[in-house]
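The following report describes a two-chain protein model, its interface and selected residues. The sequence and coordinates are shown first.

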Amino acid sequence: MNYKSLAAGVLSLLWSAPWALAHHSLLAQFNADSAIELTGIIMDMDWINPHSYIYLDVADEDGNVVTWHLEALPTAMLRKAGLTKAMMIGDGQPVTVLIHTARNGNKTLGYILKITYADGHYYQLAEV
Amino acid sequence: MNNFRHAQAKASRGAGTLAAALWILLLHTTATAADDAVTPRASDGHPDLSGTWDNGAGIDFVKPVQIGASICVRGCAQNPQPSQRGDRPTYQPEFVASVKDLEERQVQEDTVLRCFAPGVPRIGPPDKIVQTPNEIIFLYDDYAGNFFRIVPVDGRPHRTDVEPGFLGDAIGWWEDDTLVVESINFNDQTWLTDDGSFHTTNLRVIERIRRDGETLEWLATAYDPEVLQEPWQLRPRIAHLTDQEIVEAPPCIERDLDQMVDDTHHDNVR
């Protein structure tokens with residue numbers, strides 16, 4: 001894998017979306033009124049309840065790799081959609097992940113709204 | 001950027017309209033097929049409730065949509081909207097303040113957030129039913145783990161040799177084609193909902209389950225006259241027969257609570 005190609009993986013602050021608050025259950029943890037987009041490589045996934053976690057390696061402009069811990073839906077919901085751990089991890093190619101950032105100051109913690117894979121297919125897990 | 005977003009929104013609306021039309025067509029087709037399905041009968045003549053039942057991952061609004069190779073689990077226009085809050089029990093005046101206090105401290109007090117069994121009726125309809133003439137087994141594939149309930153239907157009384165539990169002790173009987181399940185012997189560590197709706201150990205829950213073809217209707221009423229103003233009847237839940245089998249639940253390992261910066265409510269409806 002080429003982390004240089006993932007330089008500046010944290011792309012941008014995308015939008016403010018107060019309507020996203022309406023059905024979000026994690027307001028005490030995450031900034032649900034805004035989202036950022038990360039580009040990186042999914043290295044692993046904790047297939048656990050009550051929330052699953054994805055580990056995303058993201059490179060900065062200098063090529064330094066930081067692992068983000070990204071919370072996602074419970075496995076029961078993912079399975080209901082036919083999703084498996086292998087499908088979520090993907091094929092090792094870069095993915096783009098839309099996330100809410102953490103409110104507790106942890107700069108590498110987030111909540112996944114949508115994952116878009118290199119071939120264009122995506123899994124949307126929350127309102128965006 | 002604005003032009004791009006405008007074009008994106010326009011394209012999205014077009015795709016959304018088409019997808020919504022397809023979704024409605026699919027729902028109509030599914031409903032028609034279900035309406036035509038015959039309700040199977042067990043050898044004793046009662047409806048056979050056996051099967052795996054999709055109740056939306058325990059939350060009846062989780063109905064994923066496949067769009068080509070992509071999947072929208074939640075948050076797309078085609079997904080059903082979450083059930084509105086308001087399906088809540090009414091308490092006697094002297095307990096209203098206690099409920100409010102618990103609700104404000106929900107992230108500290110709701111045992112479901114710490115992977116305890118959600119209790120009855122909060123656990124919702126069973127994910128799988130195995131029916132025999134003498135007893136009916138309810139199986140659950142819940143976020144908090146795999147759970148089971150054994151429902152004798154052969155006239156046995158409630159057990160008196162077990163400690164109060166999260167899911168209580170159940171017995172059942174048939175009223176025409178409806179299975180009626182009575183549960184008692186609960187502990188007081190669970191809530192009826194995710195908003196502080198506590199109950200006592202004298203909670204009694206009646207579930208009424210009826211199969212119509214490939215559809216299962218689940219009704220539940222909670223009785224706790226020590227604290228409730230009146231019996232609380234939950235909104236009906238509808239589950240659909242599915243070939244997606246339940247599996248061993250992954251471990252429930254709570255990691256969220258230490259990340260919370262305040263006591264904002266953490267939805268945990270079922």
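Helices and strands are here DSSP runs, a helix (H or I) having at least four residues and a strand (E) at least two, numbered from the N terminus. In those terms, B:D176 occupies the loop between β7 (169-175) and β8 of chain B. The model is predicted.

B:D176 is not a glycine, yet its phi is positive, at about 55°. Because its relative accessible area is 72%, which lies over the 50% limit, B:D176 is classed as exposed. A second residue other than glycine with a positive phi is B:N185, where the value is near 60°. B:N185 belongs to the loop between β8 and β9 (204-212) of chain B. For context, most residues other than glycine have a negative phi, and most peptide bonds are trans.

In chain B, B:V120 and B:P121 are joined by a cis peptide bond with omega about 10°, and B:P121 is placed in the loop between α3 (106-109) and β4 (128-131).

**The two chains**

Chain A contains two helices and seven strands, arranged along the sequence as β-β-β-β-α-α-β-β-β. Chain B contains three helices and twelve strands. Further values for each chain are tabulated below.

| Chain | Residues | Buried residues |
|---|---|---|
| Chain A | 128 residues | 53% |
| Chain B | 270 residues | 47% |

The accessible surface of chain A is about 5,000 Å², and carbon and sulfur atoms account for 52% of it. Of the contacts in chain A between residues at least 6 apart in sequence, 58% connect residues at least 24 apart. In chain B, residues 24 or more positions apart provide 57% of the contacts with a separation of 6 or more.

**The interface**

The size of an interface is often given as the accessible area lost when the parts come together. Between them, chain A and chain B bury about 3,400 Å², of which 56% is on carbon and sulfur atoms. A:M77, A:R79 and A:K80 contribute 20% of the area that chain A buries against chain B, more than any other three residues. In terms of contacts, 41 residues of chain A meet 41 residues of chain B.

The side of chain A that touches chain B draws at least two residues from each of β1 (10-16), β3 (53-59), α1 (75-80) and β7 (122-124). The largest share, five residues, is supplied by α1(A). By residue class, this side of chain A consists of 23 nonpolar, twelve polar and six charged residues. Four salt bridges are counted between the two chains. A:R103 and B:D262 form a salt bridge in which the closest N and O atoms are 3.0 Å apart.

**Selected residues of chain B**

B:D141 lies in strand β5 (residues 135-142) of chain B. Its side chain makes a polar contact of 2.4 Å with that of A:R79. Leaving aside residues up to four places away in sequence, B:D141 touches A:R79, B:D127, B:N146, B:I246, B:V247 and B:A249. B:D141 and B:V247 are separated by 106 residues in sequence, but their C-alpha atoms are 7.1 Å apart in space. B:D141 counts as buried because its relative accessible area, 11%, is under 20%.

Is B:E182 buried or exposed? At 13% relative accessibility, which is under the 20% limit, B:E182 is therefore buried. B:E182 is part of strand β8 (residues 178-184) of chain B. Its side chain forms a polar contact of 2.7 Å with the side chain of B:H158. Beyond four places in sequence, the residues that B:E182 touches include B:H158, B:D169, B:W173 and B:R204.

B:I67, in strand β2 (residues 65-67) of chain B, touches A:Y122 and B:Q78, residues up to four places away in sequence not being counted. Since its relative accessibility of 30% falls between 20% and 50%, B:I67 is classed as partly exposed.

Notes: Residues numbered from 1 in each chain as written. Chains lettered and ligands numbered in written order. Predicted model: local features only at pLDDT ≥ 70, side-chain atom pairs only at ≥ 80, totals over all residues. Heavy atoms only, no water. Buried < 20%, exposed > 50% of the residue type's maximum accessible area, 1.4 Å probe, protein only. Contact = heavy atoms within 4.5 Å. Areas by Shrake-Rupley, 256 points an atom, 1.4 Å probe, with all protein chains shown as cover. Buried area = accessible area lost by both parts, 1.4 Å probe. Salt bridge = Lys/Arg side-chain N within 4 Å of Asp/Glu carboxyl O. Nonpolar A, V, L, I, M, F, W, Y, C, P; charged D, E, K, R; others polar. Polar contact = N/O pair within 3.5 Å; in protein donor to acceptor, adjacent residues only side chain to side chain.
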